[in-house]
Amino acid sequence: MSWQATVLTLFPEMFPGPLGLSLAGRALENGVWSCTAQDMREHGLGRHRAVDDSPFGGGAGMVIRPDVVDAALAATQVPVDVPRVFLTPRGRSLRQQDVQRYAQGPGLVLLCGRFEGVDERVLESRKIEQVSIGDYVLSGGETAALVLLDACIRLLPGVMGCEDSGVEESFSEGLLEYPHYTRPAVWDGQNVPEVLLSGNHAAIAAWRQTQAEEITRERRPDLWSAWLARREKNGAAANGKNGQTDPTGV
């Protein structure tokens with residue numbers, strides 16, 4: 001059974017978009033995943049299929065109606081245990097752990113907002129997760145949905161040629177990834193780090209770990225602090241386990 005992406009959007013022609021190319025595109029052709037883009041205007045109201053209305057309390061812009069979103073959700077016939085995600089800058093930050101969780105499930109239902117957003121009541125009553133791909137504003141949720149889908153699809157079994165690629169990369173262990181080098185060994189007067197040419201796998205692993213730590217500390221202090229706290233917690237747990245005594249007293 002393939003991993004199913006269901007997208008609720010006002011612009012269904014945007015899907016699969018770039019995901020129809022390269023590794024994701026081949027996986028789509030091979031049935032590893034599938035994509036259904038549903039036009040929310042099919043559930044709009046009146047002759048003009050209106051999907052939005054002015055916000056209560058005043059203010060600029062329009063808000064997508066809750067009854068339109070609810071009708072579109074119901075029409076998908078996707079089981080309620082499949083995660084439903086609304087892409088919005090108001091959401092929690094998307095993390096690699098979220099991507100892994102989504103990829104391990106049967107699929108996703110993605111709600112793409114436009115205008116000023118979506119009526120909060122349908123998000124709460126239908127238990128729709130609110131997720132942000134970054135601290136910036138896009139014209140709509142479709143681009144963010146493509147980002148999230150790409151992150152999930154590459155983790156599906158058989159999509160990437162080298163399975164280790166999904167493990168040894170940024171965020172997999174809470175750190176940014178170490179630098180990469182390839183031929184030529186000397187380019188523009190710069191040499192590849194000598195350790196990478198040594199054939200000493202233990203030394204290479206140690207160098208890569210050190211590089212990952214240094215880069216994370218310099219570029220992402222938030223990740224670095226979280227990684228240090230996690231390492232300290234794991235170390236304390238290991239020490240506590242090693243120091244346990246036999247409860248029988250024998």
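Glu-116 sits in the loop between strand E6 (107–112) and helix H4 (120–125), where helices (H or I, at least four residues) and strands (E, at least two) are DSSP runs, numbered from the N terminus. Setting aside neighbours within four places in sequence, Glu-116 is in contact with Ala-60, Gly-61, Met-62 and Val-63; contact here means heavy atoms within 4.5 Å. With 54% relative accessibility, Glu-116 counts as exposed. The labels work like this: buried means under 20% relative accessible area, exposed means over 50%, and partly exposed falls in between (1.4 Å probe, protein chains only). Glu-116 and Ile-153 are 37 residues apart along the chain, and their C-alpha atoms are separated by 29 Å.

A quick word on where these values come from: this is a predicted model, in which local features need pLDDT of at least 70 and side-chain atom pairs count only at pLDDT 80 or more, while totals for chains, interfaces and linings use all residues. Residues are numbered from 1 along each chain as its sequence is written, and side-chain values use heavy atoms, with hydrogens and water left out.

Two strand residues come next. Gln-38 is part of strand E2 (residues 33–39), and because its relative accessible area is 11%, Gln-38 is buried. Not counting residues up to four places away in sequence, Gln-38 touches Val-7, Leu-8, Thr-9, His-43, Ala-72, Ala-75 and Thr-76. Thr-88 belongs to strand E5 (residues 84–93) and, at 9% relative accessibility, counts as buried too. The residues that Thr-88 touches, again not counting those up to four places away in sequence, are Gln-130, Val-131 and Ser-132.

Now for a pair of helices. Two packed helices are described by the angle between their axes and the distance between the axes. For helix H3 (residues 96–104) and helix H5 (residues 141–153), the axes come within 8 Å and cross at roughly 70°. That makes H3 roughly perpendicular to H5. On the H3 side the contact is made by Val-99, Tyr-102 and Ala-103, and on the H5 side by Leu-148, Ala-151 and Cys-152. Some conventions sit behind these numbers: axes are lines fitted to C-alpha atoms, for helices over the stretch in contact, and angles run from 0 to 180 degrees between N-to-C directions. Angles under 35 degrees count as roughly parallel, over 145 as roughly antiparallel, 65 to 115 as roughly perpendicular and the rest as oblique.

At the start of H6, a side-chain oxygen of Asn-200 reaches to within 3.2 Å of the backbone nitrogen of Ala-202. As for burial, Ile-204, Trp-207, Gln-211, Ala-212, Glu-213, Ile-215 and Thr-216 of H6 are buried. Although Glu-214 and Leu-176 are 38 residues apart in sequence, they are 9.1 Å apart in space, C-alpha to C-alpha. Arg-217, another residue in H6, is partly exposed, with a relative accessible area of 41%. Arg-217 and Thr-182 are 35 residues apart in sequence and 25 Å apart in space, C-alpha to C-alpha.

Most residues other than glycine have a negative phi, and most peptide bonds are trans. A cis peptide bond, however, joins Phe-15 and Pro-16, with omega at about 0°. Pro-16 is found in the loop between strand E1 (3–9) and helix H1 (22–29). The bond from Arg-183 to Pro-184 is also cis, with omega near 0°, and Pro-184 sits in the loop between H5 and strand E8 (186–187). Turning to phi, Ser-22 has a positive value of about 55° although it is not a glycine. Ser-22 lies in helix H1 and is exposed, with a relative accessible area of 54%. Arg-49, not a glycine either, has a positive phi of about 55°. Arg-49 is placed in the loop between E2 and strand E3 (52–53), and at 42% relative accessibility Arg-49 counts as partly exposed.

Technical notes: Polar contact = N/O pair within 3.5 Å; in protein donor to acceptor, adjacent residues only side chain to side chain.
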